[in-house]
Amino acid sequence: MYQFKFADIGEGIHEGKILKWHFKEGDKVKEGETLVVVETDKVNAELPSPVDGKIASLGAKEGDTIHVGEVLVTIDDGSATEVKKEEPKKEELKKEAISEGKAAPGVIGEIEVSEEVMASSSEHASSKEKESTSQKALATPVARQMAKDLGLDINKITGSGEFGRVLKEDIQKAYDNKNQSSQPTSFSVPKVQISTQGDVEIVEITKLRKAIVKSMTLSKQVIPHTVLMDEIIVDKLVDLRNKVKEQAAAQNIKLTYMAFIMKAVVLALKKFPYFNASFDHENDRMILKKFYNIGMAVDTKDGLIVPNIKDADKKSILELARELRDVADQTISRTVQLPQLQNATFSITNFGAADMAYGTPIIPHPEVGILGVGKIMQKPVVIDNEIKIASVLPLSLAVDHRVIDGAEAGRFLNYIKSLLNDPMMLLLS
């Protein structure tokens, strides 16, 4: 029998929701075939079968939540007739035995554990070593991995389980308390009793929407936003795109304005490095990034997801256009890979996709800026003392006012305007 467990996929993700099983008990499955789709707050992961065999049992039903380390499915691969369960570590067995006042199971070549514990010599031990030895937590490997993923020292967490065992709930509580105490301001949502009487419908929100709630609350609670708005005459940009979009289509590339805008943003970030950074509030310092991973907000049926284009500074406009389309399609289908959602340095959101001109974008924490792009409109403008009809692009720039002043934000936005107003500069860069 083969026990297929829900593995740690990183980024602090320690649980998932079973969306769909592709096999049922008794079905035969081949290695590599998709067994199940699991929803996390980052991605929908399609998990393939690691072996050939017959489905012996499913560890969870559709709609159930499963945690890292728990068995997803047991597969009869013909290797054995009995499932081998993971045995507790000897050290944990000993600790449990001591707590219960019993002897631990004997192992040949090892000393039995007695109720009477002789103090070991501390002649050569440092105080730190003594402290760490005496305070080592009692916990399962799954709990230890969860604490590690969340950046917590499990030995400093008080366990609420039997004999002081640290449970997953204890780790989550410690993580929440740590985040709350590290914020520069405190905020508590007032408790309001919402009536469910009458003609109402109760809709449980998805894991993705819960992640969005947490992220947006954090951003607005921590970052003091200031927003600058302006319009650019982009007649030259419209003409250039119309001239080359057929050539791009011949290479199976849909050339959108976003590729030009992303190129302009990268050049502006190189000229104004404080915008391609994160603010380390705890240590009062800026972390300037020397790489350019540009996030783009993508609208999906479950909510907004922000993947990013890696090393955007190293890509041509056509390469950006191709990758923008590919990543957007993967995000909409929820097949985007986790690395594509990590480590963005600056983001862009497209209000024009919703047929809007302006908005006030929210900065993804811990970034320090985001550019909102509106829809291009035909408007009357004054050029050389004459009223003309021109293509106008609205822009909204939100910045972290703790570290970026309005004047610097204005210079950053004006530089983007100059590049988009003369797009040949983008091709020559």
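Buried means under 20% relative accessible area, exposed means over 50%, and partly exposed is what falls in between, with a 1.4 Å probe and protein chains only. With that cut-off, Asp 384 is exposed at a relative accessible area of 67%. This is a predicted model, so local features need pLDDT of at least 70 and side-chain atom pairs count only at pLDDT 80 or more, while totals for chains, interfaces and linings use all residues. Residues are numbered from 1 along each chain as its sequence is written, and side-chain values use heavy atoms, with hydrogens and water left out.

**The chain as a whole**

- The protein chain has ten helices and 19 strands; these are DSSP runs numbered from the N terminus, with helices being H or I of at least four residues and strands E of at least two.
- Of the 429 residues in the protein chain, 37% are buried.
- Take the contacts (heavy atoms within 4.5 Å) between residues at least 6 apart in sequence: 62% of them join residues at least 24 apart.

- Strand 4 (residues 34-39) is joined to strand 5 by five bridges, and the two run antiparallel.
- On its other pairing, strand 4 meets strand 2 (residues 15-21) in the antiparallel sense over four bridges.
- Val 38 is a handy reference point: this residue of strand 4 stands opposite Ile 18, and it also stands opposite Ala 45 in strand 5.
- Another bridge pair is Thr 34 with Pro 48 of strand 5.
- Strand 4 is mostly covered, with five of its six residues buried.

- Which way do the side chains of strand 17 point? Gly 369, Leu 371 and Val 373 point one way, Ile 370 and Gly 372 the other way, and all are buried.
- Strand 17 pairs with strand 16 in the parallel sense over four bridges, whereas five bridges join strand 17 to strand 19 in an antiparallel arrangement.
- For landmarks, Thr 349 stands opposite Gly 372 in strand 17, and Gly 369 stands opposite Val 399 in strand 19.
- Thr 349 itself sits in strand 16 (residues 346-350).
- Why does Thr 349 count as buried? Its relative accessible area is 13%.
- Leaving aside neighbours within four places in sequence, Thr 349 is in contact with Ala 297, Pro 361, Ile 370, Leu 371, Gly 372 and Val 373.

- His 365 and Pro 366 are joined by a cis peptide bond, with omega about 10°.
- Asp 311 is not a glycine, yet its phi is positive, near 50°.
- You'll find Asp 311 in the loop between strand 15 (308-309) and helix 8 (317-332), and it counts as partly exposed because its relative accessibility is 28%.
- Asp 384 also has a positive phi without being a glycine, at about 55°, and it is found in the loop between strand 18 (377-383) and strand 19 (386-400).

**The cavity**

- A cavity is a set of points, on a 1 Å grid over the protein atoms alone, where a 1.4 Å probe fits but cannot get out; lining residues have an atom within 4 Å of a point.
- There is one cavity of 30 Å³ or more, and the largest cavity has a volume of about 40 Å³.
- Grid points are joined across faces, edges and corners, and a volume is the space filled by probe spheres set on the points.
- The lining of the largest cavity is made up of His 14, His 67, Val 68, Val 142, Gln 145, Met 146 and Lys 168.
- Helix 3 (residues 141-149) supplies the largest share of that lining, three residues.
- By class, the lining has three nonpolar, three polar and one charged residues; Ala, Val, Leu, Ile, Met, Phe, Trp, Tyr, Cys and Pro count as nonpolar, Asp, Glu, Lys and Arg as charged, and the others, Gly among them, as polar.

Key:
1 Å grid on protein atoms, 1.4 Å probe; cavity = no way out; pocket = protein on both sides within 12 Å on 5 of 7 lines; lining within 4 Å. Pairing = 2+ DSSP bridges.
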